[in-house]
Amino acid sequence: MTKENFFPSEELIYEALYSNSRKINKKYLISKLKEKGIYVSNNDDPELILKYYSKLIHGYTGFATMLEDVSTKPKGEKTTSVNIDIKPSDQNEPTKEISLTSMKDKFIKNIDKDNHDVVYTPHTDRETGNVTIDVEYSEIDYSKTKMIQRKHKVAVIELINENDSIKIRHTANEFIRKRVNKLSNIIEKEIELPIEKREIDFSGIANKNILTDFLTTLYAKIKILKPISVLSVKMIKPKNLDDNTSLDAEDDDINDEEVDEGINLNNAIFNGKNVITTGAYQNLKKNNYYVSSIKWESSIDEEDIKGKLEIIAKFNNHDEVSDFVYRVNGLYKYNSKRKSNSNYLRHITDKNICSRINNEIEIAAKEISEKLIGKYGGLNNG
């Protein structure tokens, strides 16, 4: 569905506003009705006023503005990618030409065609032919209040030509993964061959140390980024590790929440030290704990972006060592007007810069994973 023919139902509007009732008030609703030329009394019940408003016809822009007014900004989601090989196994057979624009059109036409709560906005790069699809949708979160909580979300799917493969880079959540799987099926039908997916996945390797080696190598090996410091790591206890294992160095500084949930080490408790140089980290590593996530700072000095970045990378499924995801949290910005914490993170809004950084992270991840699989052995899914 496109923005032009998106008209939210009365029920959708009512749920979106009523579930955020703590964030809106009668004055807001009255002002919105006044914009539509409808006047109500300040003495009217807020829920009755809300019903008036939800019965009106609203287009995409009006609904999006309303959600922006009543919702807090969502935390940025992580990113992942998968490469789909389109080259035939027979080396003598030519690779079939595929139009990413055609794939995009078929995807948007057939996916969610009856779901009026999902809006796809595609963009095609004229120089490269690569396609970006912005996906706007809403989800119900039952955990927030007793009432239904509907959250407006924005995600991204990118289609990138890479020689004999198509890279699909996308927001790493279940809603988008389901749609990426359907997109893969469309590509498979187009090339008329079984497809092979390639992603960072060590699930065939029993030795969990590969996870530590991968994450602690990645932060230092991204081509356009110069590592500054590791801010935090999460250390996971292997299931077969004896609970009486001795942990010596700087044990009192370890933030041990729940053993099953892992141990978080961060540079705040080590006076800004690079976490992986601390005795606590080395001691945990010696006792076979492994890293499941890492957050670090790197500097970047490109023509169109300079400064210090904060990045996080992890495996969502650390038991299987699969589902690799990452996120560039932002670029540190200095604000001289602030009395404290003058350096704050600012999201990078330039899509070309974001894509370039993401691409370098993925290139480094692929190269490191190939080397480590060769070192540790096991099944190669990446």
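The model is predicted, so local features need pLDDT of at least 70 and side-chain atom pairs count only at pLDDT 80 or more, while totals for chains, interfaces and linings use all residues. Residues are numbered from 1 along each chain as its sequence is written, and side-chain values use heavy atoms, with hydrogens and water left out.

**Exercise 1. Get your bearings**

Task: Find how many helices and strands the protein chain has, and what share of its residues counts as buried.

Solution: 
- Start with the elements: helices (H or I, at least four residues) and strands (E, at least two) are DSSP runs, numbered from the N terminus. The protein chain has nine helices and 13 strands.
- Next, burial: buried means under 20% relative accessible area, exposed over 50%, and partly exposed in between, with a 1.4 Å probe and protein chains only. Of the 382 residues, 44% count as buried.
- Finally, contacts, meaning heavy atoms within 4.5 Å. Among contacts between residues at least 6 apart in sequence, 64% join residues at least 24 apart.

**Exercise 2. Follow strand S1**

Task: Work out which strands pair with S1, and in which sense.

Solution: 
- Two strands pair if DSSP finds at least two bridges between them.
- One partner of S1 is strand S5 (residues 165-171), joined in the antiparallel sense over seven bridges. Within this pairing, Thr79 has Thr171 of S5 as its bridge partner.
- Another partner is S6, again antiparallel, over three bridges. Here Asp85 stands opposite Glu196.
- Now look at burial: six of the seven residues of S1 are buried, leaving the strand mostly covered.

**Exercise 3. Trace the partners of strand S7**

Task: Find how many bridges join S7 (residues 225-236) to S10 (residues 290-301), and how many join S7 to S9 (residues 262-266).

Solution: 
- S7 and S10 pair in the antiparallel sense over ten bridges. In this pairing, Lys226 stands opposite Ser299.
- S7 and S9 are also antiparallel, with four bridges. Asn264 in S9 is the bridge partner of Lys234.

**Exercise 4. Sort the salt bridges**

Task: Count the salt bridges, then say whether Arg198, Lys104 and Glu297 are buried or partly exposed.

Solution: 
- A salt bridge is a side-chain nitrogen of Lys or Arg within 4 Å of a carboxyl oxygen of Asp or Glu. By this rule there are 15 salt bridges.
- The background is simple: side chains of opposite charge can pair when their charged atoms come close.
- Take Arg198 and Asp85, whose closest N and O atoms are 2.9 Å apart. This pair links distant parts of the chain, with Arg198 in strand S6 (residues 196-198) and Asp85 in strand S1 (residues 79-85), 113 residues apart. Arg198 counts as partly exposed because its relative accessibility is 23%.
- Lys104 and Asp105 form a salt bridge too, with closest N and O atoms 2.9 Å apart. Lys104 is buried because its relative accessible area is 10%, whereas Asp105, at 40%, is partly exposed.
- In the salt bridge of Glu297 with Lys308, the closest N and O atoms are 3.8 Å apart. Glu297 lies in strand S10 and Lys308 in strand S11 (residues 306-317), eleven residues apart. Glu297 is buried, at 10% relative accessible area, and Lys308 is partly exposed, at 28%.
- To finish, look for a network: salt bridges link Glu158, Glu162, Lys167, Arg169 and Glu362.

**Exercise 5. Examine a helix pair**

Task: Describe how helix H7 (residues 209-218) packs on helix H9 (residues 351-376).

Solution: 
- The two helices pack at an angle of about 145°, with their axes 10 Å apart. Axes are lines fitted to C-alpha atoms, for helices over the stretch in contact, and angles run from 0 to 180 degrees between N-to-C directions.
- Residues making the contact include Ile210 and Phe214 of H7 and Ile368 and Leu372 of H9.

**Exercise 6. Look around Val135**

Task: Say whether Val135 is buried or exposed, and which residues it contacts.

Solution: 
- Val135 is found in strand S3 (residues 131-141). Val135 counts as buried because its relative accessibility is 0%.
- Leaving aside neighbours within four places in sequence, the contacts of Val135 include Val118, Tyr120, Ala155 and Phe175.
- Ala155 is 20 residues from Val135 along the chain, and their C-alpha atoms are separated by 5.0 Å.
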